[in-house]
Amino acid sequence: MSVRSVVVAGSADSGLVRVVLVLFLSVLIAGCAGRGGGQGERVPAPSGWNGEQGLASFYADRYHGRQTASGERHDRNALTAAHRSLPFGTTVRVTRLDNGSETVVRINDRGPFVRGRVIDLSRRAAEELDMIGPGVVEVRLSPE
């Protein structure tokens with residue numbers, strides 16, 4: 001085997017390695033791409049979901065800055081919320097039943113995990129519903 005055939009064979013191998021590496025990285029990057037609803041993106045409510053009614057609570061201040069299930073950091077000043085099953089990014093109208101106040105929030109976390117509660121709101125959303133004093137209020141959730 002001559003030196004030339006070794007160099008040519010080595011070039012072919014390194015070209016193949018590059019192609020395999022590029023394909024691997026492409027698949028890896030594509031796999032990391034979301035299906036929408038992450039990091040501030042808004043998505044419509046799932047078809048067939050007509051809303052629900054139950055108790056709303058709000059996040060304690062100690063959760064400000066902590067990572068949510070969607071990967072975002074919880075921001076007490078944003079209009080966001082936790083719901084058990086709605087897709088991340090879903091916008092939901094929240095209506096307080098005893099006084100009629102409303103706000104629209106984007107789902108970016110999972111919860112609440114307390115029986116009877118249907119949504120956990122950011123502090124800002126809770127302020128818009130005037131629920132800081134009572135802490136837990138009856139609400140209706142509806143698609144936005």
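**View 1. Strand E3 and its two partners.** Val-92 has Pro-143 in strand E6 as its bridge partner. Strands here are DSSP runs (E, at least two residues), helices are H or I runs of at least four, and both are numbered from the N terminus. E3 and E6 run antiparallel and are joined by five bridges; two strands count as paired if DSSP finds at least two bridges between them. E3 also runs antiparallel to E4, again with five bridges, and here Val-94 has Thr-103 as its bridge partner. Look between E3 and E4 for the hairpin's five residues, where Gly-100 takes a positive phi near 80 degrees.

A word on the model: it is predicted, so local features need pLDDT of at least 70 and side-chain atom pairs pLDDT 80 or more, while totals for chains, interfaces and linings use all residues. Residues are numbered from 1 along each chain as its sequence is written, and side-chain values use heavy atoms, leaving out hydrogens and water.

**View 2. The largest nonpolar core.** This core has 20 residues, and those touching the most other members are Val-92, Val-94, Val-105, Ile-119, Leu-121, Val-139 and Leu-141. At least two core residues come from each of E3 (91–96), E4 (102–109), E5 (117–121), helix H2 (123–128) and E6 (137–143). A nonpolar core is a set of buried Ala, Val, Leu, Ile, Met, Phe, Trp, Tyr and Cys residues joined through side-chain atoms within 4.5 Å.

**View 3. Around Ile-119.** Skipping residues up to four places away in sequence, Ile-119 touches, among others, Leu-55, Ala-81, Val-94, Val-105, Pro-112 and Leu-141. Contact means heavy atoms within 4.5 Å.

**View 4. Thr-80, tucked into E2.** Thr-80 sits in strand E2 (residues 80–82). Why does Thr-80 count as buried? Because its relative accessibility is 3%. Beyond four places in sequence, its contacts include His-74, Asp-75, Arg-106 and Asp-120.

**View 5. The largest pocket.** Of its 13 lining residues, Ser-57, Tyr-63, Pro-112, Phe-113 and Asp-120 lie nearest the centre. Strands E1 (52–58) and E5 are the elements giving two or more residues to this lining. A pocket is an open set of points on a 1 Å grid over the protein atoms alone, where a 1.4 Å probe fits, with protein on both sides within 12 Å along at least five of seven lines; lining residues have an atom within 4 Å of a point.

Terms used
Buried < 20%, exposed > 50% of the residue type's maximum accessible area, 1.4 Å probe, protein only.
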